[in-house]
Amino acid sequence: MHALVAAKIRANPAFFNHVKITLARWRTIVSASSQAYLIEWESLVNEGLELSLAMAAENSQRADALRQSSQFAGILTNAERFAFLKSWKLDHAV
């Protein structure tokens, strides 16, 4: 799903401002157990759009862990998220 988010932000970099706002808000309200992830995201965001998006879509254990506290929430519309989940379910049916 984060690869889809990354593509949407690359197509319209103004969405990256939403990411920054969400991250700043979350840093003040989330539990202490998530703060380490948000601090790492904050560092990536401060490095710029491409580095942040690369990590968001990376296939690694580190990226998987970071995505558990992802400020990219809200970039996809409900319809986009539903279409992705429906497609994913069909692709991963047993």
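A: We begin with accessibility: a residue is buried under 20% relative accessible area, exposed over 50% and partly exposed in between, with a 1.4 Å probe and protein chains only. This is a predicted model, in which local features need pLDDT of at least 70 and side-chain atom pairs count only at pLDDT 80 or more, while totals for chains, interfaces and linings use all residues. Residues are numbered from 1 along each chain as its sequence is written, and side-chain values use heavy atoms, with hydrogens and water left out.

Q: Is Gln68 buried or exposed?

A: Gln68 is exposed, because its relative accessible area is 67%. Gln68 is in the loop between α5 and α6; helices here are DSSP runs (H or I, at least four residues), as are strands (E, at least two), numbered from the N terminus.

Q: And Ser69, buried or exposed?

A: Ser69 has a relative accessible area of 10%, so it is buried. Ser69 also belongs to the loop between α5 and α6.

Q: What is Ser69 in contact with, leaving aside its neighbours within four places in sequence?

A: Ser69 is then in contact with Trp26, Ser34, Tyr37, Leu38 and Trp41. Contact means heavy atoms within 4.5 Å.

Q: Changing topic, how many aromatic pairs does a search of the whole structure find?

A: The search finds one. The ring centres of Trp41 and Phe72 are 5.4 Å apart and the planes are at 75 degrees, so this pair is edge-to-face. Rings of Phe, Tyr and Trp (its six-membered ring) pair if their centres lie within 6.5 Å; planes under 30 degrees apart are stacked, over 60 edge-to-face and the rest tilted.

Q: Which parts does the pair tie together?

A: Trp41 lies in helix α3 (residues 32-47) and Phe72 in the loop between α5 (61-66) and α6 (78-91), so the pair joins parts 31 residues apart in sequence. Trp41 is buried at 0% relative accessibility, and Phe72 is buried at 3%.

Q: How do α3 and α4 cross?

A: The axes of α3 and α4 (residues 49-57) come within 6 Å and cross at roughly 135 degrees. The two helices are therefore oblique to each other. Axes are lines fitted to C-alpha atoms, for helices over the stretch in contact, with angles from 0 to 180 degrees between N-to-C directions. Angles under 35 degrees are roughly parallel, over 145 roughly antiparallel, 65 to 115 roughly perpendicular and the rest oblique.

Q: Lastly, how many residues of α6 are buried?

A: Of its 14 residues, zero are buried, so α6 lies largely in the open.
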